[in-house]
Structure formats: C-alpha cells, structure tokens
Amino acid sequence: MSGFRVLGISWIGVGSDSYDGTLALFRDILGLEVETSVERQAILKTAAGQQVEVFGREGPGKVRNTPPAIGFEVDDLDAARDALIAGGVELVGEPGSWDSHRWQYFRTPDGFMMSIKTSSGGPT
C-alpha cells in the first residue's frame, strides 16, 4: 500500500486537432464552465472543481495529452446521453451497466473515445 488514496480527477489534458468542436463539446453540451481561455487553449471546470484543459495548437501541451481516455461522472445518464445526441455527438454502442455503474461511450470531434458514467455511490 502506498499510504495515499486517489480521491478523484483533478485535471485532464486533451490535445485536439478540432479545437473549436472539442471546446464546444465540453462547454456547450457537457456544460463545463470556461475558467480561462487564451491562444486556442482553454481550462474548463466541472461543478466539483476538476479541470479539463483543451490544447488546440502544436506544442508540448498538445503532444503530451493526445489521446486522452476520460469518463465523466454525471448525475443523470439519460439526460446527458440526450444532450450528446442533440449536440450531434457520435455515441458508441448502447448504454452499459455493471454493478452500481451505468455508462455510455461517445467520440470527440477528434475521434477519441470517452464516456459519461453514473455510480450509485457517487464518483469512483
């Protein structure tokens, strides 16, 4: 045992060749708040305060954060799924479930696989 526990996601970096579409997905469809945005690089926050940073230009930030694999904990999977569909986001497969978890995979504008997820016990 290492003596510490991972409590959640603090920050996620996403390198994107489709910056505008990726920013719109996180901001307009998933509802993340833009904390700061400069030179095709934006930091967005979840309601719990975790950060997603989108890198839309060449450089070490974009190179080090491509591709990501992210699952977003949501409070209502069906409503989030409906928002993805309404936003024209490609869903991958049908919603899945196991134990107290439900999820739905989707693709970002760059084609990366991500998911939305609910857990009866909160984020896991």
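In which loop is Glu39 found? Glu39 sits in the loop between strand E2 (33–38) and E3. This is a predicted model. The mean pLDDT of the protein chain is 88.

**Confidence**
- In the protein chain, 93% of residues reach a pLDDT of 70 or more.
- Among the elements, H1 has the highest mean pLDDT, at 96.
- Helix H2 (residues 60–64) has the lowest, at 83.

- Strand E7 (residues 101–107) pairs with strand E8 (residues 113–119) in the antiparallel sense, over 7 bridges.
- Arg107 stands opposite Met113 in E8.

**His101**
- His101 belongs to strand E7.
- Its relative accessibility is 15%, so His101 counts as buried; the cut-off for buried is under 20%.
- The side chain of His101 makes a polar contact with the side chain of Ser119, at 2.9 Å.

**The E1–E4 pair**
- Strand E1 (residues 11–15) is mostly covered, with 4 of its 5 residues buried.
- E1 pairs with strand E4 (residues 51–55) in the parallel sense, over 5 bridges.
- Trp11 has Gln51 in E4 as its bridge partner.

- In soluble globular proteins, nonpolar side chains tend to be buried together.
- Leaving aside neighbours within four places in sequence, Ile116 is in contact with several residues, including Leu30, Phe72, Val74, Leu77, Ala80 and Leu84.
- Arg81, Arg102, Trp103, Gln104 and Phe106 are also among the contacts of Ile116.

**Positive phi outside glycine**
- Phi of Glu39 is near 45 degrees, a positive value in a residue other than glycine.
- Glu39 counts as exposed, at 60% relative accessibility.
- Asp99 is not a glycine either, and has a positive phi of about 55 degrees.
- Asp99 lies in the loop between E6 and E7.
- With 68% relative accessibility, Asp99 counts as exposed.

**Other loop features**
- Thr66 and Pro67 are joined by a cis peptide bond, with omega about -10 degrees.
- Pro67 is in the loop between H2 and E5.
- The loop between E3 and E4 holds Ala48.
- Ala48 is exposed, with a relative accessible area of 66%.
- In sequence, Ala48 and Ile9 are 39 residues apart. In space, they are 9.8 Å apart, C-alpha to C-alpha.

Note on methods: Residues are numbered from 1 along each chain as its sequence is written. This is a predicted model: local features need pLDDT of at least 70, side-chain atom pairs count only at pLDDT 80 or more; totals for chains, interfaces and linings use all residues. Side-chain values use heavy atoms; hydrogens and water are left out. Buried means under 20% relative accessible area, exposed over 50%, partly exposed in between (1.4 Å probe, protein chains only). Helices (H or I, at least four residues) and strands (E, at least two) are DSSP runs, numbered from the N terminus. Two strands pair if DSSP finds at least two bridges between them. A polar contact is a pair of N or O atoms within 3.5 Å; within protein, one must be able to donate a hydrogen and the other to accept it, and residues adjacent in sequence count only if both atoms are side-chain atoms. Contact means heavy atoms within 4.5 Å. pLDDT is the predictor's confidence in each residue, from 0 to 100.
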